[in-house]
Amino acid sequence: MTALVVRLDSFGDVLLAGPAVRAVAAHHEHVALLCGPRGAPAARLLPGVDEVLVWEAPWEGFDPPDVQVADIEDLLGRLRTVAADDALILTSFHQSPLPTALLLRLAGVARTGADSTDHPGRLLDVRHRRLPGRHEAEAALDTALAMGFTPRPGDDGRLRVLPPPDTAALTGNGPYVVVHPGASAPARAWSPDRCAEAVALLTDAGHRVVVTGGLDESELTRRVSRGTAVDLGGRTDPRTLSGVLRLADAVVCGNTGPAHLAAAVGTPVVSLFAPVVPAERWGPYGVPSVLLGRQDAPCADSRARQCPVPGHPCLDEVTAHDVLSAVQKLLQPAM
(Lines give C-alpha, C1' and ligand atoms only; values in the text may rest on other atoms or scores of the structure.)
Protein backbone atom coordinates (compact mmCIF):
# COMPACT_ATOMS: atom_id res chain seq x y z
CA MET A 1 0.00 0.00 0.00
CA THR A 2 1.28 3.43 -1.01
CA ALA A 3 0.18 6.79 0.35
CA LEU A 4 0.70 10.36 -0.77
CA VAL A 5 0.75 13.26 1.71
CA VAL A 6 0.52 16.77 0.27
CA ARG A 7 1.75 19.91 2.07
CA LEU A 8 2.62 22.55 -0.48
CA ASP A 9 3.87 25.54 1.47
CA SER A 10 6.85 26.43 3.68
CA PHE A 11 9.52 24.72 5.78
CA GLY A 12 7.69 25.17 9.07
CA ASP A 13 4.37 24.06 7.62
CA VAL A 14 5.90 20.77 6.49
CA LEU A 15 7.46 20.19 9.92
CA LEU A 16 4.03 20.67 11.50
CA ALA A 17 2.70 17.94 9.21
CA GLY A 18 5.09 15.45 10.82
CA PRO A 19 2.69 13.78 13.30
CA ALA A 20 0.13 13.27 10.52
CA VAL A 21 2.79 11.85 8.21
CA ARG A 22 3.82 9.30 10.85
CA ALA A 23 0.18 8.29 11.30
CA VAL A 24 -0.13 7.70 7.56
CA ALA A 25 3.15 5.75 7.54
CA ALA A 26 1.81 3.44 10.25
CA HIS A 27 -0.71 2.12 7.71
CA HIS A 28 1.30 2.07 4.47
CA GLU A 29 4.44 0.42 3.14
CA HIS A 30 5.54 3.52 1.21
CA VAL A 31 4.81 7.22 1.83
CA ALA A 32 5.54 9.95 -0.72
CA LEU A 33 5.31 13.59 0.29
CA LEU A 34 4.46 16.22 -2.30
CA CYS A 35 5.68 19.67 -1.24
CA GLY A 36 6.88 22.99 -2.59
CA PRO A 37 10.53 24.02 -2.96
CA ARG A 38 10.57 25.84 0.38
CA GLY A 39 9.17 22.83 2.20
CA ALA A 40 11.38 20.18 0.58
CA PRO A 41 14.29 20.46 3.07
CA ALA A 42 11.86 19.87 5.93
CA ALA A 43 10.22 16.94 4.13
CA ARG A 44 13.60 15.20 3.94
CA LEU A 45 13.91 15.47 7.74
CA LEU A 46 10.59 13.81 8.56
CA PRO A 47 10.42 10.24 9.87
CA GLY A 48 8.03 8.14 7.79
CA VAL A 49 8.75 9.84 4.45
CA ASP A 50 10.18 7.47 1.84
CA GLU A 51 10.02 9.74 -1.20
CA VAL A 52 9.87 13.52 -1.69
CA LEU A 53 8.20 15.05 -4.74
CA VAL A 54 8.81 18.77 -5.24
CA TRP A 55 6.36 20.92 -7.17
CA GLU A 56 5.66 24.66 -7.08
CA ALA A 57 1.91 25.14 -7.11
CA PRO A 58 0.37 28.16 -8.87
CA TRP A 59 -1.86 28.79 -5.83
CA GLU A 60 0.75 28.71 -3.05
CA GLY A 61 3.64 30.87 -1.87
CA PHE A 62 4.50 34.56 -2.07
CA ASP A 63 5.34 34.62 -5.78
CA PRO A 64 3.57 31.65 -7.37
CA PRO A 65 4.39 30.57 -10.92
CA ASP A 66 2.09 30.93 -13.89
CA VAL A 67 -0.26 28.08 -14.73
CA GLN A 68 1.42 26.01 -17.44
CA VAL A 69 -0.29 23.02 -19.08
CA ALA A 70 3.04 21.23 -19.56
CA ASP A 71 3.89 21.68 -15.88
CA ILE A 72 0.54 20.22 -14.80
CA GLU A 73 0.93 17.30 -17.21
CA ASP A 74 4.41 16.60 -15.86
CA LEU A 75 3.08 16.56 -12.30
CA LEU A 76 0.24 14.22 -13.25
CA GLY A 77 2.77 11.85 -14.78
CA ARG A 78 4.85 11.82 -11.61
CA LEU A 79 1.76 11.26 -9.47
CA ARG A 80 0.66 8.35 -11.64
CA THR A 81 4.10 6.81 -11.17
CA VAL A 82 3.65 7.01 -7.39
CA ALA A 83 0.38 5.10 -7.82
CA ALA A 84 -0.96 6.11 -4.41
CA ASP A 85 -3.84 4.17 -2.93
CA ASP A 86 -4.58 6.96 -0.44
CA ALA A 87 -3.83 10.68 -0.40
CA LEU A 88 -3.98 13.09 2.52
CA ILE A 89 -4.01 16.79 1.58
CA LEU A 90 -2.90 19.10 4.39
CA THR A 91 -3.62 22.82 4.28
CA SER A 92 -3.68 25.76 6.67
CA PHE A 93 -6.97 27.07 8.01
CA HIS A 94 -7.19 29.74 5.27
CA GLN A 95 -6.34 27.48 2.32
CA SER A 96 -8.47 25.24 0.12
CA PRO A 97 -7.40 21.68 -0.69
CA LEU A 98 -9.66 21.46 -3.74
CA PRO A 99 -7.22 22.49 -6.51
CA THR A 100 -4.87 19.75 -5.31
CA ALA A 101 -7.75 17.29 -4.96
CA LEU A 102 -8.72 17.86 -8.59
CA LEU A 103 -5.20 17.02 -9.75
CA LEU A 104 -5.16 13.88 -7.61
CA ARG A 105 -8.45 12.77 -9.18
CA LEU A 106 -6.93 13.27 -12.64
CA ALA A 107 -3.86 11.28 -11.54
CA GLY A 108 -6.06 8.35 -10.55
CA VAL A 109 -5.59 8.40 -6.76
CA ALA A 110 -8.23 6.05 -5.40
CA ARG A 111 -9.05 7.73 -2.08
CA THR A 112 -8.40 11.32 -1.02
CA GLY A 113 -9.13 13.18 2.20
CA ALA A 114 -8.68 16.75 3.43
CA ASP A 115 -9.98 19.42 5.75
CA SER A 116 -12.33 21.47 3.59
CA THR A 117 -14.63 24.39 4.36
CA ASP A 118 -15.81 24.49 0.76
CA HIS A 119 -18.17 21.86 -0.58
CA PRO A 120 -15.89 19.36 -2.37
CA GLY A 121 -18.35 17.77 -4.78
CA ARG A 122 -16.69 14.56 -6.01
CA LEU A 123 -13.14 15.72 -5.30
CA LEU A 124 -12.84 14.29 -1.78
CA ASP A 125 -13.74 10.89 -0.39
CA VAL A 126 -13.20 12.03 3.19
CA ARG A 127 -14.14 15.59 4.05
CA HIS A 128 -12.97 16.64 7.52
CA ARG A 129 -14.13 19.78 9.36
CA ARG A 130 -11.44 21.44 11.48
CA LEU A 131 -12.28 21.83 15.17
CA PRO A 132 -12.02 25.39 16.56
CA GLY A 133 -8.81 26.41 18.28
CA ARG A 134 -6.69 23.50 17.07
CA HIS A 135 -2.98 23.98 16.50
CA GLU A 136 -1.90 23.35 12.92
CA ALA A 137 -0.06 20.17 13.97
CA GLU A 138 -3.18 18.90 15.76
CA ALA A 139 -5.47 19.84 12.88
CA ALA A 140 -3.30 17.90 10.44
CA LEU A 141 -3.30 14.83 12.68
CA ASP A 142 -7.08 15.15 13.12
CA THR A 143 -7.47 14.93 9.34
CA ALA A 144 -5.29 11.83 9.20
CA LEU A 145 -7.41 10.28 11.95
CA ALA A 146 -10.57 11.09 9.98
CA MET A 147 -9.16 8.93 7.18
CA GLY A 148 -8.58 6.09 9.64
CA PHE A 149 -4.82 6.58 10.01
CA THR A 150 -4.08 6.19 13.71
CA PRO A 151 -0.52 6.72 15.02
CA ARG A 152 1.60 3.80 16.12
CA PRO A 153 1.31 2.88 19.82
CA GLY A 154 3.56 5.12 21.86
CA ASP A 155 3.62 7.97 19.34
CA ASP A 156 3.05 11.11 21.44
CA GLY A 157 1.95 13.24 18.49
CA ARG A 158 4.75 15.78 18.92
CA LEU A 159 6.97 17.14 16.20
CA ARG A 160 9.95 15.00 15.32
CA VAL A 161 12.81 14.86 12.81
CA LEU A 162 15.41 12.28 11.88
CA PRO A 163 18.33 12.05 14.38
CA PRO A 164 20.41 15.25 14.15
CA PRO A 165 24.18 15.19 13.63
CA ASP A 166 26.79 16.12 16.22
CA THR A 167 27.46 19.84 15.79
CA ALA A 168 29.86 20.51 18.67
CA ALA A 169 32.59 21.38 16.15
CA LEU A 170 30.43 24.34 15.06
CA THR A 171 29.10 25.53 18.39
CA GLY A 172 31.99 24.68 20.70
CA ASN A 173 31.64 22.83 23.97
CA GLY A 174 29.40 23.87 26.82
CA PRO A 175 25.80 25.09 27.12
CA TYR A 176 24.49 27.88 24.92
CA VAL A 177 21.39 29.81 23.88
CA VAL A 178 20.54 30.19 20.19
CA VAL A 179 19.31 33.51 18.81
CA HIS A 180 17.84 33.25 15.30
CA PRO A 181 17.10 36.81 14.12
CA GLY A 182 15.71 36.16 10.64
CA ALA A 183 12.20 35.34 9.42
CA SER A 184 10.70 34.59 6.02
CA ALA A 185 8.33 37.56 6.36
CA PRO A 186 9.61 40.92 7.67
CA ALA A 187 6.43 41.39 9.73
CA ARG A 188 7.45 38.38 11.83
CA ALA A 189 11.00 39.51 12.60
CA TRP A 190 12.30 41.32 15.67
CA SER A 191 14.51 44.25 14.66
CA PRO A 192 18.26 43.56 14.25
CA ASP A 193 19.10 46.16 16.91
CA ARG A 194 16.81 44.49 19.42
CA CYS A 195 18.36 41.10 18.59
CA ALA A 196 21.86 42.54 19.09
CA GLU A 197 20.82 44.02 22.44
CA ALA A 198 19.50 40.61 23.51
CA VAL A 199 22.73 38.88 22.49
CA ALA A 200 24.74 41.38 24.53
CA LEU A 201 22.47 41.09 27.57
CA LEU A 202 22.40 37.29 27.47
CA THR A 203 26.20 37.27 27.24
CA ASP A 204 26.51 39.69 30.17
CA ALA A 205 24.23 37.40 32.17
CA GLY A 206 26.66 34.51 31.65
CA HIS A 207 25.04 32.71 28.73
CA ARG A 208 27.09 31.63 25.74
CA VAL A 209 25.17 32.66 22.62
CA VAL A 210 25.09 31.10 19.15
CA VAL A 211 23.49 33.14 16.34
CA THR A 212 22.04 31.22 13.39
CA GLY A 213 20.78 32.20 9.95
CA GLY A 214 20.55 31.10 6.35
CA LEU A 215 22.90 31.71 3.44
CA ASP A 216 21.21 35.03 2.68
CA GLU A 217 21.34 36.17 6.32
CA SER A 218 25.10 36.31 6.92
CA GLU A 219 25.15 40.10 7.10
CA LEU A 220 22.26 40.03 9.58
CA THR A 221 23.88 37.43 11.85
CA ARG A 222 27.19 39.30 11.77
CA ARG A 223 25.41 42.49 12.82
CA VAL A 224 23.55 40.71 15.61
CA SER A 225 26.56 38.75 16.88
CA ARG A 226 28.74 41.87 17.28
CA GLY A 227 31.78 39.70 17.87
CA THR A 228 30.49 38.41 21.21
CA ALA A 229 28.47 35.41 19.98
CA VAL A 230 29.31 32.42 17.80
CA ASP A 231 28.14 33.45 14.33
CA LEU A 232 26.82 30.51 12.29
CA GLY A 233 25.13 32.63 9.65
CA GLY A 234 25.21 30.76 6.34
CA ARG A 235 27.05 27.79 7.88
CA THR A 236 24.20 25.37 8.55
CA ASP A 237 21.88 23.41 6.31
CA PRO A 238 18.54 22.33 7.81
CA ARG A 239 19.88 19.01 9.14
CA THR A 240 22.93 20.67 10.69
CA LEU A 241 20.71 23.36 12.18
CA SER A 242 18.62 20.66 13.83
CA GLY A 243 21.78 19.50 15.60
CA VAL A 244 22.65 23.04 16.72
CA LEU A 245 19.13 23.57 18.06
CA ARG A 246 18.96 20.16 19.76
CA LEU A 247 21.91 20.93 22.05
CA ALA A 248 20.78 24.48 22.90
CA ASP A 249 19.37 25.32 26.32
CA ALA A 250 16.79 27.53 24.61
CA VAL A 251 16.10 29.13 21.24
CA VAL A 252 15.07 32.77 20.77
CA CYS A 253 13.34 33.38 17.44
CA GLY A 254 10.26 34.65 15.67
CA ASN A 255 7.40 32.69 14.16
CA THR A 256 9.55 31.02 11.53
CA GLY A 257 10.77 27.57 10.51
CA PRO A 258 13.57 27.25 13.13
CA ALA A 259 10.99 27.69 15.92
CA HIS A 260 9.25 24.53 14.72
CA LEU A 261 12.58 22.80 14.13
CA ALA A 262 13.54 23.59 17.74
CA ALA A 263 10.26 22.08 18.91
CA ALA A 264 10.93 19.00 16.77
CA VAL A 265 14.22 18.37 18.60
CA GLY A 266 12.70 19.09 22.02
CA THR A 267 14.31 22.48 22.76
CA PRO A 268 12.39 25.22 24.65
CA VAL A 269 11.55 28.33 22.64
CA VAL A 270 11.29 32.03 23.45
CA SER A 271 8.83 32.95 20.72
CA LEU A 272 8.84 36.55 19.47
CA PHE A 273 5.43 36.11 17.93
CA ALA A 274 3.88 38.74 15.67
CA PRO A 275 0.09 38.24 15.77
CA VAL A 276 -0.35 38.43 11.98
CA VAL A 277 -1.39 34.77 12.36
CA PRO A 278 -2.86 33.29 15.57
CA ALA A 279 -0.36 31.98 18.11
CA GLU A 280 -2.78 29.24 19.16
CA ARG A 281 -2.38 27.76 15.68
CA TRP A 282 1.25 28.54 14.91
CA GLY A 283 3.14 28.81 18.19
CA PRO A 284 5.92 26.35 19.19
CA TYR A 285 4.22 23.00 19.65
CA GLY A 286 4.83 20.41 22.34
CA VAL A 287 7.78 22.08 24.11
CA PRO A 288 8.07 24.63 26.94
CA SER A 289 7.81 28.12 25.48
CA VAL A 290 7.35 31.75 26.42
CA LEU A 291 5.34 33.90 24.02
CA LEU A 292 6.45 37.53 23.68
CA GLY A 293 4.80 40.22 21.59
CA ARG A 294 1.52 42.15 21.69
CA GLN A 295 -1.11 39.68 20.52
CA ASP A 296 -3.77 42.42 20.45
CA ALA A 297 -1.81 44.68 18.09
CA PRO A 298 -3.69 46.22 15.12
CA CYS A 299 -1.99 43.78 12.72
CA ALA A 300 -3.60 40.76 14.43
CA ASP A 301 -4.88 38.09 12.02
CA SER A 302 -3.95 40.20 8.99
CA ARG A 303 -1.48 37.62 7.57
CA ALA A 304 0.62 40.63 6.54
CA ARG A 305 4.16 40.02 5.28
CA GLN A 306 5.20 43.65 5.77
CA CYS A 307 4.23 45.28 9.06
CA PRO A 308 1.22 47.57 8.38
CA VAL A 309 1.72 49.55 11.62
CA PRO A 310 4.48 52.21 11.90
CA GLY A 311 7.19 51.23 14.37
CA HIS A 312 6.32 47.51 14.37
CA PRO A 313 4.91 47.81 17.92
CA CYS A 314 3.79 44.19 18.28
CA LEU A 315 7.43 43.06 18.47
CA ASP A 316 9.66 46.08 18.94
CA GLU A 317 7.99 46.93 22.23
CA VAL A 318 9.59 43.70 23.46
CA THR A 319 12.93 44.50 25.12
CA ALA A 320 16.15 42.56 25.53
CA HIS A 321 15.36 42.36 29.26
CA ASP A 322 12.06 40.66 28.39
CA VAL A 323 13.98 38.05 26.38
CA LEU A 324 16.54 37.48 29.15
CA SER A 325 13.72 37.00 31.68
CA ALA A 326 11.99 34.55 29.34
CA VAL A 327 15.19 32.53 28.85
CA GLN A 328 15.77 32.42 32.60
CA LYS A 329 12.18 31.30 33.13
CA LEU A 330 12.61 28.42 30.66
CA LEU A 331 15.91 27.36 32.26
CA GLN A 332 14.69 27.65 35.85
CA PRO A 333 13.49 24.00 36.17
CA ALA A 334 16.96 22.78 35.15
CA MET A 335 18.77 24.90 37.73
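What is the order of the strands in the open sheet of six strands, and in which sense do they pair? The order is β9-β8-β7-β10-β11-β12, and the pairing is parallel. Here helices (H or I, at least four residues) and strands (E, at least two) are DSSP runs, numbered from the N terminus, and two strands pair if DSSP finds at least two bridges between them.

The structure is a predicted model, in which local features need pLDDT of at least 70 and side-chain atom pairs count only at pLDDT 80 or more, while totals for chains, interfaces and linings use all residues. Residues are numbered from 1 along each chain as its sequence is written, and side-chain values use heavy atoms, with hydrogens and water left out.

Axes are lines fitted to C-alpha atoms, for helices over the stretch in contact, and angles run from 0 to 180 degrees between N-to-C directions.

Helix α9 (residues 218–225) touches β8 and β9, and its direction makes about 165° with that of β9. Contact means heavy atoms within 4.5 Å. Helix α14 (residues 320–331) touches β7 (177–180), β10, β11 and β12, and its direction makes about 160° with that of β12.

Within the sheet, strand β10 (residues 250–254) pairs with strand β11 (residues 269–272) in the parallel sense over four bridges. Cys253 stands opposite Ser271 in β11, and Val252 stands opposite Val270 in β11. From β11, Val269 and Ser271 point one way and Val270 and Leu272 the other way, and all are buried. Buried means under 20% relative accessible area, exposed over 50%, and partly exposed in between (1.4 Å probe, protein chains only). In a regular strand the side chains alternate between the two faces of the sheet.

Thr212 lies in strand β8 (residues 209–213). The side chains of Thr212 and His180 are joined by a polar contact of 2.8 Å; such a contact is a pair of N or O atoms within 3.5 Å, where, within protein, one must be able to donate a hydrogen and the other to accept it, and residues adjacent in sequence count only if both atoms are side-chain atoms. Beyond four places in sequence, the residues that Thr212 touches include Val178, Thr221, Leu232 and Val244.

Helix α10 (residues 238–246) has Thr240, Leu241, Ser242, Gly243, Val244 and Leu245 buried. The cover over the buried residues of α10 includes α7 (168–171), β7, β8, β9, β10 and α11 (257–264).

## Strand β1 and its partners

In strand β1 (residues 2–7), six of its six residues are buried. Thr2, Leu4 and Val6 lie on one side, with Ala3, Val5 and Arg7 on the other. β1 pairs in the parallel sense with strand β2 (residues 30–35) over six bridges, and in the parallel sense with strand β4 (residues 86–89) over four bridges. Val5 has Leu33 as its bridge partner in β2 and stands opposite Leu88 in β4.

A nonpolar core is a set of buried Ala, Val, Leu, Ile, Met, Phe, Trp, Tyr and Cys residues joined through side-chain atoms within 4.5 Å. The largest one has 55 residues, and Leu33, Val178, Leu245 and Leu261 have the most contacts inside it. Another core, of 35 residues, lies apart from it; among its members are Ala187, Ala198, Ala274 and Cys314.

A disulfide is a pair of cysteine sulfur atoms within 2.5 Å, and by this rule the count is zero.

| Residue | Relative accessible area |
|---|---|
| Thr212 | 0% |
| Cys299 | 2% |
| Cys314 | 2% |
| Ala40 | 4% |
| His128 | 15% |

Of these, Ala40 is found in helix α3 (residues 40–43), and His128 lies in strand β6 (residues 126–128). Ala40 and Leu8 are 32 residues apart in sequence and 9.1 Å apart in space, C-alpha to C-alpha.
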